[in-house]
Amino acid sequence: MLSKEIQLEVNKGAMLPLMEEFYTIQGEGYHTGTAAYFIRIGGCDVGCHWCDVKESWNAELHPPTAVDMIVANASKYSETVVVTGGEPLMWDMSLLTRKLKENNRKVHIETSGAYPLSGTWDWICLSPKKNKLPTETVYANAHELKVIIHNKHDFIFAEEQAELVNKDAILFLQPEWSKKEEMTPLIVDYVMNSPKWRVSLQTHKFLNIP
Ligand SMILES: C[S@@+](CC[C@H](N)C(=O)[O-])C[C@H]1O[C@@H](n2cnc3c(N)ncnc32)[C@H](O)[C@@H]1O
Ligand SMILES: Nc1nc2[nH]cc(C(=O)O)c2c(=O)[nH]1
Ligand code: SF4
Ligand SMILES: [Mg+2]
């Protein structure tokens, strides 16, 4: 249990449960291959059975950390900061993004969109999940839609989500890691038949970097 004082700081987004932070190469989606500092915020209740960071789910395991400290650290490393999780939109992102912008950072988010949008973002990557669908604010503001393909039915889900996202969003299909041998050839065929989609791979896992 957090003390009342710390809980208040978390509620207003002045402290966030920080799981880890690392400087690496963006492995996925539109900005693949570019250097970025990642901030991983704990807490997620979406429950994807194939999630590759289940350790992030329980927010109580990750220490509430002052946003000022997160921003000071991140700004040392990279022009671009990617906020991920867990599900970062479970928390109020306003203060974190305002302070990163004051430090002239480009601020990106990786989100399932399951909670309303908070914060000001240069790039929003929406990766929608069937178990807890995105909110309207995230569909309206996403710059890219990245749908994970774990089985054949996920192509139908991808088309449904493409109808709901704003028309400027760039569309990606990304194989779920444990099914990549089976799903990647299907994605390749799918994209050649329906070239509004692009392929996204988790390239950091091939490079053995975080
Ligand atoms: C761990 S999530 C954290 C951010 C947010 N909760 C979300 O799901 O977008 C970061 C990205 O990794 C993707 N991802 C998670 N597990 C994956 C897996 N096993 N294979 C492929 N992509 C995965 C998610 O869909 C998301 O795009
Ligand atoms: N290199 C690298 N790129 C990423 N793109 C999205 C990631 C995430 O977990 O949100 C991720 C990650 O964990 N590592
Ligand atoms: S929404 Fe993101 S963090 Fe949460 S379970 Fe799904 S992939 Fe993992
Ligand atoms: Mg990851």
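Tryptophan 50 counts as exposed because 11 C-beta neighbours lie inside 10 Å; a residue is termed exposed with 12 or fewer other C-beta atoms within 10 Å of its own, buried with 20 or more, and partly exposed in between, the C-beta atoms being placed from the backbone. The model is predicted: local features need pLDDT of at least 70, side-chain atom pairs count only at pLDDT 80 or more, and totals for chains, interfaces and linings use all residues. Residues are numbered from 1 along each chain as its sequence is written, while chains are lettered from A and ligands numbered from 1 in the order in which they are written.

The chain has an average pLDDT of 98, and 100% of the residues score at least 70; pLDDT is the predictor's confidence in each residue, from 0 to 100. For the complex, the predictor gives an ipTM of 0.99 and a pTM of 0.99.

Tryptophan 50 is located in the loop between strand 2 (35–41) and strand 3 (64–66), strands being DSSP runs (E, at least two residues) numbered from the N terminus. Leaving aside residues up to four places away in sequence, tryptophan 50 touches His150, Glu176 and Ser178; contact requires C-beta atoms, placed from the backbone, within 7 Å. Cysteine 51 is also in the loop between strand 2 and strand 3, and its 16 C-beta neighbours inside 10 Å make it partly exposed. An unreviewed UniProt entry lists Trp50 and Cys51 under the feature "binding site", together with Asp52, Gly86, Ser127, Pro128 and Lys129. UniProt positions are given in the numbering used here, feature names are shortened, and annotations may be inferred rather than shown by experiment.

Ligand 1 is surrounded by 18 residues, the closest being Asp52, Glu110, Ser112, Ser127 and Trp177; a residue is near a molecule if its C-beta atom, placed from the backbone, lies within 6 Å of it. At least two residues of this shell come from each of strand 4 (80–85), strand 5 (106–111) and strand 7 (144–149). Among the residues around ligand 2 are Phe38, Thr84, Glu110 and His204.

Strand 2 is largely enclosed by the rest of the structure, since six of its seven residues are buried. Strand 2 pairs with strand 1 (residues 15–25) in the antiparallel sense over seven bridges, pairing being defined by at least two DSSP bridges. Strand 2 and strand 4 run parallel and are joined by five bridges. Phenylalanine 38 in strand 2 stands opposite phenylalanine 22, and its bridge partner in strand 4 is valine 82.

Technical notes
Helices (H or I, at least four residues) and strands (E, at least two) are DSSP runs, numbered from the N terminus. Two residues are in contact if their C-beta atoms, placed from the backbone, lie within 7 Å.
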